[in-house]
Amino acid sequence: MENRLRLRTVIWEIIFPLVLYYIAFLSTMYFIFAFIGRSSATYMVAQIIAAAVTIPLMYFASYKPTQEAFSGKPHISKELGINIIYIVIITLLISLALNNIISMTPLVQMSGGYAQANENFYGSTLMLELIGSAILSPIMEELVFRGIVFGNLRKITSTGTAIFLSAFLFGIVHFNIVQFIYAFLLGIVLALFMYKSGHMYAAMVGHIAANAFAVLRTECNILTWTMDGSAVAWTLSIILLVAGSIILGYYVKRKIIG
């Protein structure tokens, strides 16, 4: 009986919403491309429209699992503000370090998919990239991977396993080795945020912070010297990663209200 429940949960509450997510998002993207054409300049416009269409569907699909798995309700308070500050600092430290370290390895040159993804994500205007990549996409992806996948996995497995599997799936769907590594590790951090805060807002804040900084860094050439492959760049990136990990460890252990 328990095995049947697990199988039903996996099929109907994890796989089916994921398939629905891709059908809704990708079909809308292709529909928009049919009208405006597909290029690096139009990709972000199509992504924004597709995300706006998909987010309501994923919200309703994620509402039940998140309500069952997480009881926390965010309330405007000093503690909520402190929690958000922790999330932003941890995310910026770890995401900056991971981006630097991965960029200084041969993986970037080996991954054609990563180069294509960069061309799509950074081929538009700064404002459209912030709306699409830094706001709408994180909200949509958190509803899917932390809301639906992580929320439902917690019903049938341990929290640690749910964090790992949801992060692994989050990495896999990026379809290239560079983004897989980054998304997998960041996905673990985001799931921890959601688990500790008891609400999806924490994962969304972290994801938005990471993507917004990546867009601003790329378009405004911020801190490019930190990934130039020098000994200073490597040392600084490792220090940032260690610092972010230490603060994350403290965050996981501290008592959070709101």
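**Aromatic contacts and salt bridges**

Arg146 is placed over the face of Phe170, 4.4 Å from the ring centre; a charge sits over a ring if NZ of Lys or CZ of Arg is within 6 Å of the ring centre and within 35 degrees of the ring normal. The model is predicted, so local features need pLDDT of at least 70 and side-chain atom pairs count only at pLDDT 80 or more, while totals for chains, interfaces and linings use all residues. Residues are numbered from 1 along each chain as its sequence is written, and side-chain values use heavy atoms, with hydrogens and water left out.

Arg146 also forms a salt bridge with Glu142, with 2.7 Å between the closest N and O atoms (a side-chain nitrogen of Lys or Arg within 4 Å of a carboxyl oxygen of Asp or Glu). Both residues lie in helix α6 (residues 126–156), four residues apart, about one turn of the helix; helices are DSSP runs of H or I with at least four residues, numbered from the N terminus. Arg146 is buried, at 0% relative accessible area, and Glu142 is likewise buried at 0% (buried is under 20% relative accessible area, exposed over 50%, partly exposed in between, with a 1.4 Å probe and protein chains only).

The structure holds two salt bridges. One of them joins the side chains of Glu79 and Arg254, at 3.1 Å from N to O. Glu79 belongs to helix α3 (residues 78–103) and Arg254 to the segment after α10 (231–253), so the pair ties together parts 175 residues apart in sequence. Arg254 is buried, with 13% relative accessibility.

Across the whole structure, 17 aromatic pairs are found; rings of Phe, Tyr and Trp (its six-membered ring) pair if their centres lie within 6.5 Å, and planes under 30 degrees apart count as stacked, over 60 as edge-to-face and the rest as tilted. Phe33 and Tyr43 form a tilted pair, because their ring centres are 6.1 Å apart and their planes stand at 35°. This pair links helix α1 (residues 2–36), which holds Phe33, to helix α2 (residues 40–69), which holds Tyr43, ten residues apart. Phe33 is buried at 9% relative accessibility, and Tyr43 is buried at 12%.

The pair of Phe164 and Phe184 is edge-to-face, with ring centres 5.4 Å apart and planes at 85°. Phe164 lies in helix α7 (residues 159–172) and Phe184 in helix α8 (residues 177–197), 20 residues apart. Phe164 is partly exposed at 43% relative accessibility, whereas Phe184 is buried at 16%. Phe170 belongs to a cluster in which ring pairs link Tyr21, Tyr22, Phe25, Phe145 and Phe170.

Key: Helices (H or I, at least four residues) and strands (E, at least two) are DSSP runs, numbered from the N terminus.
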